[in-house]
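Please examine the structure shown below, which is a predicted model.

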Amino acid sequence: MPDAKFSETRTAARLSVAPMMDWTDRHCRYLHRLLSSRTLLYTEMVTAPALVRGGALHLLEYSPEEHPIALQLGGSDPSELALAAKLGAEAGYDEINLNCGCPSDRVQSGTFGAVLMREPARVAECVAAMREVVEAEVTVKCRIGVDEQDPQKELPVFLEQIKAAGCERVTIHARKAWLQGLSPKENRDIPPLDYELVHQMKADFPDLHISINGGITSLAQAQEQLDAGLDGVMIGRAAYHQPTDILAGADPLIFGIGQIADPMDVVQKVLPYVEAHLAGGGRLHQITRHMLGLFAGRPGARGWRRMLSEGAVRENAGPEVILRALDSIVSNASVEQAV
């Protein structure tokens, strides 16, 4: 039976925002949390060597409001990952996730990411080492396979080994990764999606909590996957570029609580966070770059993006930039209503 202490995080995993390098930093996650109180949020991938050898503990910083939050680690050395996982658990993360899906050259050179799909025994050893030292749940994010692997044969072997090591929750990106010949961007689009295989894995491993990732761009599509029997859905780029479309309705539609969030209210709620960031020496654009898509598809969205993009990078830019951009949205809404 699943451990009751993980139930809250597993409930949150019905919908999660994928870990995305250079995107899902702490400012992005804070904004996403204002849109949804329940969705599970992931950090960018943090490498175990950076924490253990480099002492880059600042990479673990986050705001308490971000819970439930998962730390994604990159690495392949069991003892080093165990130390990194312990640092993450001590920092208060609700989940420690091992990256077995990133196909970038930089990640491959460190012998982690998607290349680990070739070494299920090593992944199992890493999972076991991390589980031994932390109470937070240890999970894995993977692909269905890499290169010339036959996912129908290799993915069940991979899942069986990490399950035996104590991993009870996995997120499967329903595409292969081609480690040679495709760029990381191409690996997000070109390899065909195989949702059927992920659903088959849920049937074959009913005790595993399985989330699906890849190509899902709306809450309606997410709900279809949940209705079909999967435990969770992870959304990446759509949640970043159209955060209101994906996250504002997540609480009532996916979790059955609360109301649909109003992006105008979210902007007002983020202002104290912005002021605190600026008072600490931060720059406005470090936050507003994640806000560009808040009004995507709505009247005035282009002006909102332009005003933030141009204004936030100026010297001494402050909350007034956001408020002016918000005024333009309000004005456009008023014009539309009048028409």
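The lining of the largest pocket comprises 14 nonpolar, 10 polar and 8 charged residues. Altogether 32 residues line this pocket, and P19, M20, M21, R143 and R188 lie nearest its centre. Several elements of secondary structure take part: the helices α5 (105–109) and α11 (237–241) and the strands β6 (137–146), β7 (169–177) and β9 (232–235) each contribute at least two lining residues. The volume of the largest pocket is about 750 Å³.

For the second largest pocket, the computed volume is about 300 Å³. Its lining consists of 15 residues, and those closest to the centre are D25, E44, V46, H58 and L59. Helix α2 (26–35) and strand β3 (46–47) each provide at least two residues of this lining. By class, the lining of the second largest pocket holds 6 nonpolar, 4 polar and 5 charged residues.

The discussion now turns to helix packing. Two packed helices are described by the angle between their axes and by the distance between those axes. In this model, helix α4 (residues 78–90) and helix α6 (residues 120–133) have axes that come within 8 Å and cross at roughly 35 degrees. The crossing of α4 past α6 is right-handed. Which residues of α4 and α6 meet? On the α4 side they are P78, L81, A82, A85 and K86, and on the α6 side E125, C126, A129, M130 and V133. The residues of this contact divide into 8 nonpolar and 2 charged, with no polar residue among them.

Methods:
Residues numbered from 1 in each chain as written. Predicted model: local features only at pLDDT ≥ 70, side-chain atom pairs only at ≥ 80, totals over all residues. Heavy atoms only, no water. Axes fitted to C-alpha atoms, helices over the stretch in contact; angles between N-to-C directions. Helix = DSSP H or I, 4+ residues; strand = E, 2+ residues; numbered from the N terminus. Left-handed = near helix turned anticlockwise from the far one by under 90°. Contact = heavy atoms within 4.5 Å. Nonpolar A, V, L, I, M, F, W, Y, C, P; charged D, E, K, R; others polar. 1 Å grid on protein atoms, 1.4 Å probe; cavity = no way out; pocket = protein on both sides within 12 Å on 5 of 7 lines; lining within 4 Å. Points joined across faces, edges and corners; volume = space filled by probe spheres on them.
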